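Here is a set of questions and answers for a reader who is new to this structure. Please look at the sequence and the model first.

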Amino acid sequence: MEDPTGLSAIKSTQSDHTMKQTVRVFLLVLILPMYLGAQEKSAGKFSGYMFGDYFYNVARDTGISSFSNVATPGKKDMQGFQFRRIYFTYDYEISDIFSTRFRLEADQVSNTSDGKIGVFVKDAYLRWRNIFSGSDLFFGIQPPPAYEISEAVWGYRSLDKTIMDLRGIVSSRDIGVALKGKFNEAGTVNYWLMAGNNSGNKPESDKYKRIYAHLYFKPVQNFHVTVYGDLRLQASISDPNSTGTPQGTLGNDILTSALFVGYSEKDVFSIGAEGFVASTANGIKKGTIAPFELKPKNAIGFSVFGSYNLHPDVAAVVRFDFFDPNSNRDFTGDARNYILAGISWKPDKSVSIIPNVQIESYEKQPATATTSEIKHKASVTARVTLFYTFL
């Protein structure tokens, strides 16, 4: 039946209005205590940084696409703008004992299925302070104890990774548990132990783990020495000299050791040297018929770098690396030299503009019975790098 007075419509409108008011009050009751609680307790800290470049590949060898483990990939004359890293970090103090970090990274390597810049979890760990005197426990996705100190002294991650990271000897992240602390109150002798999946930021896919150990000495202010080692457990390989059924196996684990020495004075200068050996058990098989000679495969590398402030806002940066993935004298033609040089200008404390050049040269391929010696053209890339922090 129709309502000629329109009272039903008025009552319906009033009812809707009352319902909306009730919902608003209910939401306010829910949100207000959360807001007030956030005022009493720190909501954590957001931070982030970005770096990218305009780059131009000035020179490349025609066979660059077939070279393994190169620091300067890409074709000659390729040029463009790129972001090599974007970090967004949230640090939260749960209590005086517990804290946590969650960090996202975007780069032009981990792209989405349709080719867009991808985002992935870089860090996700819980820190338990003073689980016992002078030591903290970490659990989750975290940096391994390989090159935190050398990277800090190097100070120009925006230009490139330190050598073990650059050459893939140790991943920059792993999922596991770590214990980090100091042996004395002064903090001149420190340690860092970790057990991880050796899967980087990816979920575990096998039963083999990686054990890390690190000693950090700081005898005087600004002087840094680290001794590092890790054991990467791997599946056994078939023994080529075994005739039994089933065939015997041999260990194929990788033992990495490294030494770093550096000195730095903030906004004045820094200098550092780092070397490593990564030895794969039974990694080389020599001979054409049994019995075969089995030897470890040793990858070696060293890096020297330095920076000097010509002005409070201007610094010169230079670095030289040598890397040989197989140092056995019977395996030649795969060593690399890498040079990086640039001038860093800081127009603002949070912004750096760094014109720089990368040069990577390659060991010549020796002559064989059927081929002549092959010389490779060096790779040269010119860049203008932009680095800035935010939040």
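## Questions and answers

At a relative accessibility of 55%, Phe 183 counts as exposed. The model is a predicted one.

Q: What is the angle between the ring planes of Phe 183 and Tyr 191?
A: Phe 183 is exposed, whereas Tyr 191 is buried, with a relative accessible area of 10%. The ring centres of Phe 183 and Tyr 191 are 5.1 Å apart. The pair counts as tilted because its planes stand at 35 degrees.

Q: How many helices and strands are there in the protein chain?
A: The protein chain has 391 residues, and buried residues make up 34% of them. Among contacts with a separation of 6 or more, 56% join residues 24 or more positions apart. The count of elements in the protein chain is 3 helices and 18 strands.

Q: Which strands hold Phe 98 and Trp 128?
A: The whole structure contains 19 aromatic pairs. In one of them, the rings of Phe 98 and Trp 128 have centres 5.1 Å apart and planes at 45 degrees, so the pair is tilted. The two residues are 30 apart in sequence, so the pair ties together separate parts, namely strand E3 and strand E4.

Q: Is Trp 128 buried, partly exposed or exposed?
A: Buried means under 20% relative accessible area and exposed means over 50%. Phe 98, at 26%, falls between these limits and counts as partly exposed. Trp 128 has a relative accessible area of 36%, so Trp 128 is also partly exposed.

Q: Which residues do ring pairs link into a cluster?
A: A search of the whole structure gives 19 aromatic pairs. Ring pairs also form a cluster, and its members are Phe 46, Phe 88, Tyr 90 and Tyr 92.

Q: Over which ring does the charged end of Lys 180 sit?
A: Lys 285 lies over the face of Phe 292, at 4.6 Å from the ring centre. The charged end of Lys 180 is 4.0 Å from the centre of another ring, that of Trp 192.

Q: Which strand gives the most to the lining of the second largest pocket?
A: The second largest pocket has a volume of about 1300 Å³. Of the 42 residues in its lining, the closest to the centre are Arg 84, Asp 107, Val 109, Arg 157 and Lys 161. Elements that each supply at least two lining residues include strand E1, strand E2, helix H3 and strand E18. With 5 residues, the largest contribution to the lining comes from E3.

Q: How far apart are the C-alpha atoms of Ala 152 and Thr 162?
A: Ala 152 lies in helix H2, which covers residues 148–154. Ala 152 is exposed, because its relative accessible area is 59%. Thr 162 is 10 residues from Ala 152 along the chain, and their C-alpha atoms are separated by 9.8 Å.

Q: Is Ser 352 buried or exposed?
A: Ser 352 lies in strand E17, residues 351–362. Leaving aside neighbours within four places in sequence, Ser 352 is in contact with residues including Ser 344, Trp 345, Thr 385 and Phe 387. Its relative accessibility is 8%, so Ser 352 counts as buried.

Terms used
Residues numbered from 1 in each chain as written. Predicted model: local features only at pLDDT ≥ 70, side-chain atom pairs only at ≥ 80, totals over all residues. Heavy atoms only, no water. 1 Å grid on protein atoms, 1.4 Å probe; cavity = no way out; pocket = protein on both sides within 12 Å on 5 of 7 lines; lining within 4 Å. Points joined across faces, edges and corners; volume = space filled by probe spheres on them. Helix = DSSP H or I, 4+ residues; strand = E, 2+ residues; numbered from the N terminus. Phe/Tyr/Trp six-rings, centres within 6.5 Å; stacked < 30°, edge-to-face > 60°. Buried < 20%, exposed > 50% of the residue type's maximum accessible area, 1.4 Å probe, protein only. Lys NZ or Arg CZ within 6 Å of the ring centre and 35° of its normal. Contact = heavy atoms within 4.5 Å.
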